Amino acid sequence: MKVTSIGIDLTKTVFSIHGTDPHGKVVVHKRLNRPKPLVFFAQLPSCLAGMAPVPEPTVGRVK
């Protein structure tokens with residue numbers, strides 16, 4: 001399995017990990033609780049990573 005790019009969706013307690021190979025095929029799809037992402041990423045070779053933070057619940061809320 002050769003991962004060339006990783007997408008990370010960040011929430012308070014869970015990280016959703018989505019990794020693809022050089023051809024765009026999904027080779028990793030995991031949900032990891034803290035602190036498991038540190039162990040997971042330590043075992044991967046260097047690759048491109050992108051993060052998508054989840055906005056706070058108060059953003060966009062009308063009072």
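The structure is a predicted model, in which local features need pLDDT of at least 70, side-chain atom pairs count only at pLDDT 80 or more, and totals for chains, interfaces and linings use all residues. Residues are numbered from 1 along each chain as its sequence is written, and side-chain values use heavy atoms, with hydrogens and water left out.

Of the 63 residues, 22% are buried, where buried means under 20% relative accessible area, exposed over 50%, and partly exposed in between (1.4 Å probe, protein chains only). The accessible surface comes to about 5100 Å², and carbon and sulfur atoms account for 61% of that area; the areas come from the Shrake-Rupley method with a 1.4 Å probe. Among contacts (heavy atoms within 4.5 Å) between residues at least 6 apart in sequence, 36% join residues at least 24 apart.

Asp21 sits in the loop between β2 (14-20) and β3 (26-33). Asp21 is buried but has no salt bridge, that is, a side-chain nitrogen of Lys or Arg within 4 Å of a carboxyl oxygen of Asp or Glu. The nearest side chain of opposite charge belongs to Lys25, 5.8 Å away; for charge, Lys and Arg count as positive and Asp and Glu as negative, while His and the chain ends are not counted. The backbone nitrogen of Lys25, however, lies 2.9 Å from the side chain of Asp21. With residues up to four places away in sequence set aside, Asp21 touches Lys2, Thr4 and Val27.

Val26 belongs to strand β3 and is partly exposed, at 43% relative accessibility. Beyond its neighbours within four places in sequence, Val26 contacts His18, Gly19 and Thr20. Val26 and Ser5 are 21 residues apart in sequence, with a C-alpha to C-alpha distance of 9.7 Å.

Finally, the whole structure contains one aromatic pair. The ring centres of Phe40 and Phe41 are 5.2 Å apart and the planes meet at 75°, so the pair is edge-to-face. Rings of Phe, Tyr and Trp (its six-membered ring) pair if their centres lie within 6.5 Å, and planes under 30 degrees apart count as stacked, over 60 as edge-to-face and the rest as tilted. Phe40 is buried at 14% relative accessible area, whereas Phe41 is partly exposed at 30%.

Note on methods
Helices (H or I, at least four residues) and strands (E, at least two) are DSSP runs, numbered from the N terminus. A polar contact is a pair of N or O atoms within 3.5 Å; within protein, one must be able to donate a hydrogen and the other to accept it, and residues adjacent in sequence count only if both atoms are side-chain atoms.
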